[in-house]
2 protein chains.
Amino acid sequence: MPELDAIDRKILSHLQNDSRLTMQELADKVGLSVSPCHRRVKLLEERGVISRYVATVDQKALGLHVSVFISIKLARQKEEDLNRFARAISKWDEVLECYLMTGNRDYLLRVVAADLASYETFLKTKLTRLDGIASIESSFALSQVKYSIALPV
Amino acid sequence: MPELDAIDRKILSHLQNDSRLTMQELADKVGLSVSPCHRRVKLLEERGVISRYVATVDQKALGLHVSVFISIKLARQKEEDLNRFARAISKWDEVLECYLMTGNRDYLLRVVAADLASYETFLKTKLTRLDGIASIESSFALSQVKYSIALPV
DNA sequence: CACTACATTGGTAAAATATCCCAAAATCGA
DNA sequence: TCGATTTTGGGATATTTTACCAATGTAGTG
């Protein structure tokens with residue numbers, strides 16, 4: 001796995017903020033001509049450093065006014081239990097993020113919903129129907145102060 | 001604000017997963033020809049429904065092995081205090097997400113760092129130097145079970 | 001220091017794609 | 001049913017991506 005040099009990092013930094021830059025614009029910003037810039041981007045894609053290109057959508061425009069963080073404690077934490085939980089979670093579109101946490105061996109989930117009613121539906125028809133959950137604790141977000149996809153490079 | 005119809009939602013759904021689809025590919029997927037599909041995408045951009053296009057980068061490839069959730073309690077919660085905190089947070093690249101939470105009026109932050117040492121540096125040189133913070137509580141993520149940018153449409 | 005081998009760069013041309021314009025079709029209201 | 005408005009589809013043009021190849025730079029060796 002070759003290291004990322006300064007130019008690679010510049011490329012990543014710019015593409016994380018705007019992936020619609022043309023190769024010409026990107027090349028100018030990082031101080032290369034189009035050809036080597038293009039090859040570097042392709043290499044970063046092939047190596048999986050750039051994993052995908054996505055459009056970000058405004059949450060309010062979709063009417064998703066509720067953001068919830070859910071702490072979940074499982075009854076047992078055998079690998080089999082963890083995997084079963086992870087598989088279930090992964091299928092649900094409402095769950096945007098899920099982390100296995102240190103400490104109490106909890107999961108932390110970020111979930112979005114249109115309103116409290118549909119969040120309740122999510123809880124009742126999906127989350128609480130899973131086996132092996134010891135406890136669920138919801139914390140609601142009043143506002144999103146910062147949301148970024150751009151990792152520090 | 002005109003409503004989003006079924007085709008708009010299909011477009012958003014696809015672009016959230018892959019923004020490098022050509023207009024022809026996208027048009028095929030949503031059942032339109034290129035022209036109307038293109039105009040719909042442009043309208044969604046102008047209306048701010050599509051807010052940006054970004055590349056997602058692999059966290060491990062950048063050597064960012066530590067993900068931390070930080071709960072923060074402020075000493076006072078006047079609007080002025082909240083704004084000051086929000087401005088400071090927004091400047092720091094290590095902070096990817098920040099939410100104002102219900103309940104104890106805490107903030108919840110998601111922070112990434114290369115290792116525990118650099119996380120400690122972040123705490124010492126940035127976070128704990130802010131005025132008006134009553135308490136800080138860090139929880140570490142062992143693994144990212146799910147991470148998606150795609151809102152349910 | 002000179003030489004070779006290797007990796008990286010930059011320009012150019014061809015292919016793919018985005019974008020714009022206009023006529024045709026569909027939809028909505030009265 | 002009719003007219004007005006919106007949406008669609010095709011084609012022409014402008015932009016952009018992509019592949020190729022020669023030139024430049026770099027590292028290692030005697």
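Copies are superposed by least squares on the C-alpha atoms of residues with pLDDT of at least 70 in both. This is a predicted model, in which local features need pLDDT of at least 70, side-chain atom pairs count only at pLDDT 80 or more, and totals for chains, interfaces and linings use all residues. Residues are numbered from 1 along each chain as its sequence is written, chains are lettered from A and ligands numbered from 1 in the order in which they are written, and side-chain values use heavy atoms, with hydrogens and water left out.

**Exercise 1.** Determine which rotation and shift superpose chain B on chain A.

Step 1. Chain B is brought onto chain A by a rotation of 180° with 0.0 Å of shift along the axis, at an RMSD of 0.0 Å.
Step 2. The relation is therefore that of a two-fold axis.
Step 3. B:V54 has the C-alpha nearest the axis in chain B, 2.8 Å from it.
Step 4. Of the interface residues of chain B, 100% are also interface residues in chain A, so the copies meet through the same surface (contact means heavy atoms within 4.5 Å).

**Exercise 2.** State how chain A is divided into domains.

Step 1. Domain 1 of chain A spans 7-46 and domain 2 spans 66-141; such bounds come from an automatic or database domain assignment.
Step 2. The C-alpha centres of these two domains of chain A are 38 Å apart.

**Exercise 3.** Characterise the packing of α1(A) against α3(A).

Step 1. Helices are DSSP runs (H or I, at least four residues), numbered from the N terminus. Axes are lines fitted to C-alpha atoms over the stretch in contact, and angles run from 0 to 180 degrees between N-to-C directions.
Step 2. In chain A, the axes of α1 (residues 6-17) and α3 (residues 34-46) come within 11 Å and cross at roughly 75°.
Step 3. This makes α1(A) roughly perpendicular to α3(A) (65 to 115 degrees; under 35 is roughly parallel, over 145 roughly antiparallel, the rest oblique).
Step 4. From α1(A), A:I7, A:D8, A:I11, A:L12 and A:L15 take part, and from α3(A), A:C37, A:R40, A:V41 and A:L44.
Step 5. The contact of α1(A) with α3(A) comprises seven nonpolar, no polar and two charged residues (nonpolar: Ala, Val, Leu, Ile, Met, Phe, Trp, Tyr, Cys and Pro; charged: Asp, Glu, Lys and Arg; polar: the others, Gly among them).

**Exercise 4.** At what angle do α2(A) and α3(A) pack?

Step 1. The angle between α2(A) (residues 23-30) and α3(A) is about 95°, with the axes 9 Å apart.
Step 2. Accordingly, α2(A) is roughly perpendicular to α3(A).

Methods:
Helices (H or I, at least four residues) and strands (E, at least two) are DSSP runs, numbered from the N terminus.
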